[in-house]
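Hi there,

Please have a look when you get a moment.

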Amino acid sequence: MDNVHQRSLRALLEFAFTHYQDKPFLHFIDGPGYTYGEFHAKAREIAELLARYGIGRGSLVGLLSQNMPNWGVAYFATAAFGGISVPMLPDFSESEIKHILKHSEAKALFVSRKLQHKVLQKAVDRLDVIICLDDFSIIKGEPIASEPAPLPSEEEIQPDDLAAIIYTSGTTGSSKGVMLSHRNLCANLWSTEDVRPSFDWDVWLSLLPLSHTLECSMCLLLPMQAGASVNYIEKAPTPSILMSALAKVRPTTILSVPLIIEKVYRSAVLPKLTATPLLRFMHRIPPMRKMMHRKAGKQLFEKFGGRIRFFGIGGARLDPEVERFLLEARFPYAIGYGLTETSPLIAAAPPDMVRLGSTGPVVKGVELRLLDKDPKTGVGEIAVKGDNVFKGYFNNPEATSSAFTEDGWFKTRDLGKLDKDGWLYIKGRSSTTIIGPSGENIYPEEVESVINSHDMVAESLVTNRKGRLTALVHFDSEKLKAFLESTDELKRTTQEKLENLKKEVLEYVNQKVSKFSRISEIDPQEEEFEKTATHKIKRYLYDGSRAGEQQKKKESTSAGKGRD
């Protein structure tokens, strides 16, 4: 990296101030915000405020808030001036927040009024300083000096200094603090710019939590490098509010988890494409389907404001049916793969290069290899090296040691394969792989994608119960209700209808998967699956053993105890 502003977050802050100070940066839609010059001044002001309260270089500072312009101010006031930011996802529970503040040994906290109730009294007692993020008023704390200590210079902030600790929500029930340095974050910035070139006329609409590494890197740091503007929705993004925001902002860039675009497809796009028997027939014929998708894609493009050029999708596996629609619709979507531990990007393809089912090639500056590769399938565990790879897990040397090979490659625990062009295809998690009766590797995520493509299914999870593949299925509640209340000539009972639906889904799936991946049983789930803050199912709660129930009870108990 030869750009001086990619040495550290402080260098990035000074670069943006020098080159873009009069341009708009972070704003609420139709609300207050900052130009680059105002943002620089406010970040420095808050860094000086922290210093007056004894929070300076090396201090760990929690950050708990929904998205707002002041989130970026607090993040840079901490990390760019020698502190270590500890962002927390807004959906974290009270007990998770208490654990993070205790484990990180944070002495200060920025918290929004909306989420202040999640900070339990024991956590409050442990903190020296609490600042309301809405207006930077002091909730708790006493200044130790009338004049703050001098802030460190740009040259004093070194690339290998720790900038942030991100606690993963995880799907295994264990939350670890990922230590990211200035070098890690800036290396990712360098790689991302190569995939998604940014310009000062770009306009971002930020939807995912900024405490998610993907959103922070691509919707705060990346536009900052280019002098672009970022918009936040002040209220909860209901469908009507989101549509209004898209019309007003007309964004060029949005990041999304698969769940968002999958809901858009299944609730707003697919029903129109299959509204009549004739349309359903036409949709089954590939040339006709592509024509229908192209027309629907133009309409979707206009609903997103008419100038979007990058709709980034990451965080989980995208339903293949939904991706096929986006590809055939020529909607400017892009797939990315990465982890918090890699700051986060590992592989990605821009909209004009996407290939169905692939996350794209490895990004610039990252090396990738497959460990223990199966000679027949080519599938192995993805391991990576690069300046984007984290420093380790905070206060957890055992987890850090087990995360790396002896020669220093980070083991992602994800399984993938590379095609002849070096494009990466994710197969699943090594921890969730099921071994078939003849030793075959069964990747439940792939089977779940097929199950979820059924019109009646909202979400699913495949598990191994006593050697039999079982699909736990949560049906679309509205469609299920209509189906069960419908009448037919046989006047079947509700239970009979449900059994027929299970049989239909079973046949639908087993016709589309390999012989050894066929489902033996459909187990309907009345409630939605419990998920992490980043919308991944907590698989360990549904693993078919008593361990899941025990972990669930443990979480419930600890959450109850955390309210004291």
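Predicted model: local features only at pLDDT ≥ 70, side-chain atom pairs only at ≥ 80, totals over all residues.

Residues are numbered from 1 along each chain as its sequence is written, and side-chain values use heavy atoms, with hydrogens and water left out.

Let's start with H182, which is in helix 6 (residues 182-195); helices are DSSP runs of H or I with at least four residues, strands are E runs of at least two, and both are numbered from the N terminus. H182 is buried at a relative accessible area of 1%, where buried means under 20%, exposed over 50% and partly exposed in between (1.4 Å probe, protein chains only).

Next, the aromatic rings. Rings of Phe, Tyr and Trp (its six-membered ring) pair if their centres lie within 6.5 Å; planes under 30 degrees apart are stacked, over 60 edge-to-face and the rest tilted. The count by this rule is 19 aromatic pairs. One of them is Y75 with F76, edge-to-face at 5.8 Å centre to centre and 75° between the planes. Both residues are buried, Y75 at 1% and F76 at 0%.

Finally, two charges sit over rings (NZ of Lys or CZ of Arg within 6 Å of the ring centre and within 35 degrees of the ring normal). K176 lies over Y393, 5.1 Å from the ring centre, and R355 over W423, 4.1 Å from its centre.

Best wishes
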